[in-house]
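Please look through the structure shown here with its sequence, and then follow the explanation below from individual loop residues to the sheets and the ligand.

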Amino acid sequence: MPSKKLHQETEKYRKAWEKYVATGLVADPTMRKIIIASWRRSRAYGVDPHSTSLEIELTGERFQQRREAFKPILDIALPFMESIYNAVGESGMIISFSDANGYILERIGADNVFSELQRFRGMNLSEERMGTNAIALALKKGMALQVIGAEHFNVVFHNKTTSAAPIKDIDGNILGVLSVSGTCETVHPHTLGMVLASALAIEHEIRLKQINDDLTIANEHLDAIMQSISEGIITVNDAGVITDSNLHARKVMRRSLDELVGKTLDQVIKNPVFDFITQLSANEEREVQYYANGRKKTLLVSSKPIYAQDKTLKEYLLIFRETKRVYSQVNKLFGSKAIYTFDDILGESKEIQDAIRMAKLVSATDATILLHGESGTGKEMFAQGIHNASQRKNHSFVFINCGAIPRDLVASELFGYVEGAFTSARKGGNPGKFELADGGTLFLDEIGDMPLDTQANLLRVLETKEVVRVGGNEVIPVDVRVIAATHKDLAAEVEKGNFRSDLFYRLNVMPIKTPSLRERREDIKKLINRFYSQFVNRDDQRLLIDESFYLQMMQYDWPGNVRELQNVMQLVTNIVGEGEYLSSKHLPIYVKDALGASSQLPQQISGELTRVSPLSVVERQAILKALDAADNNLAKAAKLLEIGRSTLYRKIEKYDIKL
Ligand SMILES: Nc1ncnc2c1ncn2[C@@H]1O[C@H](COP(=O)(O)OP(=O)(O)OP(=O)(O)O)[C@@H](O)[C@H]1O
């Protein structure tokens, strides 16, 4: 501005200011409205227009703390402030950065204004504190502007002109103000443009930094997820070269990042797989065989193409899982589960306790086990108990009943099949029970019903620990403990030519016999009580069971063993009335029929027992009969039994007879 015009302007402002501070009125209509409004606010705040003492609010530690808090913005702003300084040269102008509350945090300028630079640091230039000034107005109005000479409310700034522009974040919040000030004569009108351009450039940098920070965090999130998930992830470029991998991938592949990155996928897998993997459709998985340190693993691989913004294909993300782990999880969710432990196997007889002791012993080993015993004697319970007590307890327990599957399907069920192995074979083939049980236990129930040719295959798998799917030639290693069970006499089956002797000897290394109920009648009462409490559906949980019931149950032969006893108990607890004692009359007809005349209860003890019963049963029955005949008079009953009264007492206690 030519100096004459500038002089006129500053004079005009000075006169208007003098009038306003004296009267509170503005006579000159050419004065800028934004300035007048600010004067009014300044006056209302009680700012002293004549005060020449400049109070520095933030000093020492407090100033350093505030400056530190704004360091990220200052680090961006300072190079721009330097550039402005270089542009305005030695003109004596000062470039400042004030924070969003109006505190001056940084000032740069020529050395000859050094004392002034220092003096203003930490000063608060808000309108509330210092009245009208460019920094205060830039903060208040959120726009760039210049305040000249006597437009300032405080007289100390009347020889200054300041250009200021706010610096905003991406959401429009003001972060601080960039300003350039000098004497009225030195400030050029273009200074405001320069300040505004620099403030916009600083904003741009801040946004870029924010985006960069966000991207870094997003990348770190992604990396944390990538590294912590239990699926292997490998990225390959469109030429099949590996560009990255996560921790799990490296663990499965048994390779370091350096050993993977830069190699082609086909080199690492030692198989031409890249082409078909990249052709997989969404959600499609394919099996890939992989050798890690000489051990073959089967991986399930799916792929996802990654495109750049311009839609060009950049990479493929390959996700792979070890089949062993997948099958184990699927079995846990949907397959047969081993729920029983040895504690669930009831019975205190020597016979059952011997079997449990033996089973506990073999649990610690990985040996193949043969469970033999009649139907319903708990063979499956034992198998589950062994699995749950073994080191494989956290892996699959897979069950197959060889007698319940059509004979020509047993092999494919056990060993799996490849695509096209037979007419109804599934696309992509199917894993067999051995593969599904990998790492865990395979329970082969009714092994005596296994077809002879499958027996030969089973023997081979037990010996080599490898399966070959039906119709295939790929050898798949499996780590499976086999527990076989049968109700047949396998040695006799070998004799008859129905069972291979070599397989029999392989299985019979650790035979465990599950005893029939007939061999452990003393457990019957315990089982009755347990199942009664389990099935009875009422609040009154007392064992309302009549002696006649126990007596008959102990006499019966139980061809279906515990399963049958369990069923009978379920039936009788369903029909017994509320508060009624379970008695022989509740027994199912077929049990009564099997017991024959004994269902009418002993009449002539000796003559009537056509079946051979244990002595204890006969004795108990005789005591009951005598008590009945003697109307519970112990002396009379003892006499009838031809024993002493104290002996009768002891026996009543022994047999738990209620009087
Ligand atoms: N000792 C036992 N204690 C408690 N319950 C038992 C016992 N033995 C068998 N059971 C029960 O009897 C039923 C049959 O048991 P399990 O299936 O284990 O017998 P199994 O010998 O495998 O029979 P099958 O040869 O017919 O398959 C199950 O409901 C089981 O809970």
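N632 is found in the loop that links α26 (615-629) to α27 (634-641), where helices (H or I, at least four residues) and strands (E, at least two) are DSSP runs numbered from the N terminus. This is a predicted model, in which local features need pLDDT of at least 70 and side-chain atom pairs count only at pLDDT 80 or more, while totals for chains, interfaces and linings use all residues. Residues are numbered from 1 along each chain as its sequence is written.

The phi of N632 is near 70°, a positive value in a residue other than glycine. Most residues other than glycine have a negative phi. N632 counts as exposed because it has 11 C-beta neighbours inside 10 Å; by the convention used, a residue is exposed if 12 or fewer other C-beta atoms lie within 10 Å of its own, buried if 20 or more do, and partly exposed in between, with C-beta atoms placed from the backbone. K311 also has a positive phi, near 75°, and lies in the loop between β9 (295-307) and β10 (313-322). K311 is exposed, since 6 other C-beta atoms lie within 10 Å.

A further loop residue is T59, placed between α2 (33-45) and α3 (60-69), and T59 counts as exposed because it has 11 C-beta neighbours inside 10 Å. T59 and G122 are 63 residues apart in sequence, yet their C-alpha atoms are 6.1 Å apart in space.

Seven bridges join β8 to β9, and Y291 stands opposite K296 in β9.

Another open sheet of five strands has parallel pairing and the order β12-β13-β16-β11-β17. β12 (397-401) and β17 (511-513) stand at the edges with a single partner strand each, so one side of each is left without a neighbour in the sheet. Five bridges join β12 to the parallel strand β13 (residues 441-445), and the bridge partner of F399 in β13 is F443.

The ligand is surrounded by 17 residues, of which L346, G378, K379, E380 and V562 are the closest; a residue is near a molecule if its C-beta atom, placed from the backbone, lies within 6 Å of it. At least two residues of this shell come from each of α15 (379-389) and α23 (561-575). Domain 3 (335-513) and domain 4 (519-654) each contribute at least three residues to the shell, with domain bounds taken from an automatic or database domain assignment. The shell divides into four nonpolar, nine polar and four charged residues, where Ala, Val, Leu, Ile, Met, Phe, Trp, Tyr, Cys and Pro count as nonpolar, Asp, Glu, Lys and Arg as charged, and the others, Gly among them, as polar.

Across the protein chain, the secondary structure comes to 28 helices and 17 strands, and buried residues make up 35% of the 659 residues.

Notes
Two strands pair if DSSP finds at least two bridges between them.
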